[in-house]
Amino acid sequence: MADHVATAETEINSSRAQVWAALTDPEQIKQYMFGSQVETDWKQGSPIVWKGEYEGKKYEDKGEIVEIEPES
């Protein structure tokens, strides 16, 4: 299976702190990631896993924190 990298970019009219919280707070993540639970320690090189259920099917998406710069 080929390695896949997903990237996206958008402009958000909010403070850096609010955006950072939305990206890293498990309760906020649930609101926009179909109720999924995120597991990570938010450190470079650490694994990140999203687990949940969508349309009656359980899923688990895995990745790695390649780079992390709080509020940046």
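Because the model is predicted, local features need pLDDT of at least 70 and side-chain atom pairs count only at pLDDT 80 or more, while totals for chains, interfaces and linings use all residues. Residues are numbered from 1 along each chain as its sequence is written, and side-chain values use heavy atoms, with hydrogens and water left out.

The protein holds two helices and three strands, and its elements run α-α-β-β-β along the sequence. Helices (H or I, at least four residues) and strands (E, at least two) are DSSP runs, numbered from the N terminus. The C-alpha trace spans about 35 × 25 × 25 Å along its principal axes. Among the 72 residues, 12% count as buried; the word buried stands for under 20% relative accessible area, exposed for over 50%, and partly exposed for what lies in between (1.4 Å probe, protein chains only). Of the contacts with a separation of 6 or more, 16% come from residues 24 or more positions apart, a contact being heavy atoms within 4.5 Å.

Four of them are found in a search of the whole structure, where a salt bridge is a side-chain nitrogen of Lys or Arg within 4 Å of a carboxyl oxygen of Asp or Glu. One joins Lys-30 to Glu-27, with the closest N and O atoms 3.5 Å apart. Both residues belong to helix 2 and sit three residues apart, about one turn of the helix. Lys-30 is partly exposed because its relative accessible area is 29%, and Glu-27 is likewise partly exposed, at 49%.

The strands carry a linked set. Glu-39, Lys-51, Glu-60 and Lys-62 take part in a network of salt bridges.

Glu-60 itself lies in strand 3 and is partly exposed, with a relative accessible area of 40%. Not counting residues up to four places away in sequence, Glu-60 touches Val-49, Trp-50 and Lys-51. Although Glu-60 and Val-49 are eleven residues apart along the chain, their C-alpha atoms are separated by 6.7 Å. The side chain of Glu-60 also makes a polar contact of 3.3 Å with that of Lys-62. A polar contact is a pair of N or O atoms within 3.5 Å; within protein, one must be able to donate a hydrogen and the other to accept it, and residues adjacent in sequence count only if both atoms are side-chain atoms.

Two serines come next. Ser-46 is found in the loop between strand 1 and strand 2 and counts as buried because its relative accessibility is 11%. Its side chain is joined to that of Asp-41 by a polar contact of 2.7 Å. Leaving aside neighbours within four places in sequence, Ser-46 is in contact with Thr-40, Asp-41, Gly-63, Glu-64 and Ile-65. Ser-15, by comparison, is found in the segment before helix 1 and counts as partly exposed, at 33% relative accessibility. A polar atom of the Ser-15 side chain lies 3.1 Å from the backbone nitrogen of Gln-18. The C-alpha atoms of Ser-15 and Trp-50, 35 residues apart along the chain, are separated by 25 Å.

Finally, the largest pocket contains about 1300 Å³ of space. Its lining has 30 residues, and those closest to its centre are Ala-6, Leu-23, Trp-42, Trp-50 and Glu-67. Two or more lining residues come from each of helix 1 (16-24), helix 2 (26-32), strand 2 (47-54) and strand 3 (57-64). Helix 1 gives the most, with five residues. On a 1 Å grid over the protein atoms alone, a pocket is an open set of points where a 1.4 Å probe fits, with protein on both sides within 12 Å along at least five of seven lines, and lining residues have an atom within 4 Å of a point.

Key: Points joined across faces, edges and corners; volume = space filled by probe spheres on them.
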